[in-house]
Amino acid sequence: MSTIRITKQFNFETGHALYGYDGKCRNVHGHSYKLSVTVIGRPITDSNHVKYGMVIDFSDLKKIIKEEIVDVFDHATVFNKNTPHIELAKELSDRDHHVILVDYQPTSENMVIDFSKKIKARLPKNIQLHSLKLQETESSFAEWYASDNE
């Protein structure tokens, strides 16, 4: 049986600020992120299996990504927990805004690394995360490939 890659795409809105940055992105701003998740595996060959012919049911993949990424990051503001913006983060939290404090600079590059760890931990053993593409704008994105990170 052939090895197959399947991809599912997700959208979410997230704000962030890049402390110490020398451009406009040091200010709090947001993006309409597009996340493409590609997994790799072999389709199930047991004709009695309810998922016969599938590498992974798209709805099962969707559940993982929604729980780990979309439901967490959608309409949240992400700050590095060591940022000078910590007072702003506290103020927003106190006003019932969804704030996420992470231990990295919340760039697309670092977010896609974080996402890869979360997704890999949830995938069934016979399914591997192949790649992630996190699109920040129409023309800017970060990609993570398992083959680059072995």
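## Contacts along the chain

Of the contacts in the protein chain with a separation of 6 or more, 62% join residues 24 or more positions apart; a contact means heavy atoms within 4.5 Å. The model is predicted: local features need pLDDT of at least 70, side-chain atom pairs count only at pLDDT 80 or more, and totals for chains, interfaces and linings use all residues. Residues are numbered from 1 along each chain as its sequence is written, and side-chain values use heavy atoms, with hydrogens and water left out.

## Secondary structure and extent

The protein chain contains 3 helices and 6 strands, in the order β-β-α-β-α-β-α-β-β from the N terminus. Helices (H or I, at least four residues) and strands (E, at least two) are DSSP runs, numbered from the N terminus.

The C-alpha trace spans about 55 × 30 × 25 Å along its principal axes.

## Burial and surface

Of the 150 residues in the protein chain, 40% are buried, that is, under 20% relative accessible area with a 1.4 Å probe, protein chains only.

V37 lies in strand β2, which covers residues 29–41. V37 counts as buried because its relative accessibility is 0%.

K8 is 29 residues from V37 along the chain, and their C-alpha atoms are separated by 5.4 Å. Leaving aside neighbours within four places in sequence, V37 is in contact with I6, T7, K8, F10, L61, I65, I119, L129, S131 and L132.

Note on methods. Buried < 20%, exposed > 50% of the residue type's maximum accessible area, 1.4 Å probe, protein only.
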